[in-house]
Amino acid sequence: MSNHVFSATATLIDKLKIKCTSRDFSIVMDEPSKKNTESSGMTPLEALLSAIGACKCIAAKSFAKSQNIDLIDIKIEMDGEIDTDGFYGINKEAKMGFHKITSKYYVQANNSEEEIEDFVNFVERTCPVLDTIINAPELSNEIHIIKK
C-alpha cells in the first residue's frame, strides 16, 4: 500500500468567512447573509459539489485515451438537495447534509452513446472524491487548546 497524506487548513477570517488553504493555494468560503445579498465565496456545500464535479472531470480527462474515448470536451453540473431544517434545528429528524446529489454530464466525444455511458460509469467508479463520500473514511479528531 502506498499512502499519501493531503492536508488543508480552514481559518476563521470574520463572521462566517473562512480562508481555506492547501499547499500554496487558498480560497475563501462564506455563508450568505440571511437576506442572501452578501457573500465572499462559495459555501462549503457548494465547494463539496465543485470538488466532486472537478474530480470527475479530471478522471474523465486522465483516463479517456486508455478507455478508448475520443474526448473533445466535458462539463459536469452538480446539484445537491438538502433539508436546511436539520442544520437550523427546526427538524431534529432531518439529515444534516445532502440527501441527494445529481451529476449532469455534458460530454462531447467521437464515440457511441453506449461507449460514453460505459465511460461515465467508469468515471463514477474512479473518482476519489466520490469514493470518499460513498465509502466513508475513518474519522478522528485532535483538539489543541490555545491559551492567550
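User: How do the residues lining the largest pocket divide into nonpolar, polar and charged?
Analyst: Ala, Val, Leu, Ile, Met, Phe, Trp, Tyr, Cys and Pro count as nonpolar, Asp, Glu, Lys and Arg as charged, and the others, Gly among them, as polar. The model is predicted: local features need pLDDT of at least 70, side-chain atom pairs count only at pLDDT 80 or more, and totals for chains, interfaces and linings use all residues. Numbering runs from 1 along each chain as its sequence is written, and side-chain values use heavy atoms, without hydrogens and water. The lining divides into 12 nonpolar, 5 polar and 4 charged residues.

User: Which residues that line the second largest pocket are the closest to its centre?
Analyst: A pocket is an open set of points on a 1 Å grid over the protein atoms alone, where a 1.4 Å probe fits, with protein on both sides within 12 Å along at least five of seven lines; lining residues have an atom within 4 Å of a point. By that rule 16 residues line the second largest pocket. The closest to its centre are Val-5, Phe-6, Ser-7, Ala-8 and Ser-22.

User: What classes make up the lining of the second largest pocket?
Analyst: The classes are nonpolar, polar and charged. The counts are 9 nonpolar, 5 polar and 2 charged residues.

User: Why is Ser-50 called partly exposed?
Analyst: Buried means under 20% relative accessible area and exposed over 50%, with partly exposed in between (1.4 Å probe, protein chains only). Ser-50 is partly exposed because its relative accessible area is 36%.

User: How many Å apart in space are Ser-50 and Met-78, C-alpha to C-alpha?
Analyst: In sequence, Ser-50 and Met-78 are 28 residues apart. In space, their C-alpha atoms are apart by 7.2 Å.
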